[in-house]
Amino acid sequence: MPTIISLVQARGAIPILCTLIPRGAAGGAFQTKIDAINADILANYFGVFPVIDFAAALSVGGDRVTRDASLYTADGVHPNKPGCLKLYDRVTIDAPWLVYG
């Protein structure tokens with residue numbers, strides 16, 4: 001992550017970090033890693049940057065862990081159309097300047 005952030009900054013842009021979407025039980029041990037990465041992002045471990053909380057958008061009650069299966073395709077990994085709309089909604093909440101200027 002620090003390398004990507006540095007590359008973005010080297011181009012004169014402001015990095016925007018996004019939490020990783022939950023995989024739930026399907027993710028197994030990977031979900032534990034996702035939880036740790038998301039905690040670091042939300043705690044500004046990588047620096048103080050804007051954050052879009054996609055994990056909250058696609059989880060039950062915004063808990064960032066419990067995957068809302070109604071927002072995923074049959075593969076359980078990718079957001080479906082309602083899930084994509086939730087992601088868009090989250091961008092308008094966390095980074096409205098990206099949508100509205």
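This is a predicted model: local features need pLDDT of at least 70, side-chain atom pairs count only at pLDDT 80 or more; totals for chains, interfaces and linings use all residues.
Reader: Which distant parts of the chain does the pair of aspartate 53 and arginine 64 link?

Author: Aspartate 53 is in the loop between strand 2 (51-52) and helix 3 (54-57), and arginine 64 is in the loop between helix 3 and helix 4 (81-94), 11 residues apart. Helices (H or I, at least four residues) and strands (E, at least two) are DSSP runs, numbered from the N terminus.

Reader: Why is aspartate 53 called buried, and why is arginine 64 called partly exposed?

Author: Buried means under 20% relative accessible area, exposed over 50%, and partly exposed in between (1.4 Å probe, protein chains only). Aspartate 53 has 4%, so it counts as buried. Arginine 64 has 32%, so it counts as partly exposed.

Reader: What else stands out about the backbone of arginine 64?

Author: Its phi is near 70°, a positive value in a residue other than glycine. Most residues other than glycine have a negative phi. Asparagine 44 also has a positive phi, about 60°, although it is not a glycine. Asparagine 44 lies in the loop between helix 2 (29-42) and strand 2 and, at 35% relative accessibility, is partly exposed.

Reader: How many salt bridges does a search of the whole structure find?

Author: Two. Arginine 90 and aspartate 94 are four residues apart in helix 4, so about one helical turn separates them. Arginine 90, at 21% relative accessible area, counts as partly exposed.

Reader: How do you know that isoleucine 5 is buried, and which residues is it in contact with?

Author: Its relative accessible area is 6%, so the label buried applies. Isoleucine 5 sits in helix 1 (residues 2-10). Contact means heavy atoms within 4.5 Å. Leaving aside neighbours within four places in sequence, the contacts of isoleucine 5 are Pro15, Leu17, Phe46 and Phe49. The C-alpha atoms of isoleucine 5 and isoleucine 16, 11 residues apart along the chain, are 8.8 Å from each other.

Reader: What makes the radius of gyration of the protein chain agree with a compact globule?

Author: The radius is taken over C-alpha atoms, and the globule rule is 2.2 Å times the number of residues to the power 0.38. For 101 residues a compact globule would come near 13 Å, and the chain has 14 Å, so the two agree. The C-alpha atoms fill a box of roughly 40 × 35 × 20 Å along the principal axes, and 32% of the 101 residues count as buried. Among contacts with a separation of 6 or more, 52% come from residues 24 or more positions apart.

Reader: What pattern does the protein chain follow, read along the sequence?

Author: The order is α-β-α-β-α-α-α, with five helices and two strands.

Notes
Residues are numbered from 1 along each chain as its sequence is written. Side-chain values use heavy atoms; hydrogens and water are left out. A salt bridge is a side-chain nitrogen of Lys or Arg within 4 Å of a carboxyl oxygen of Asp or Glu.
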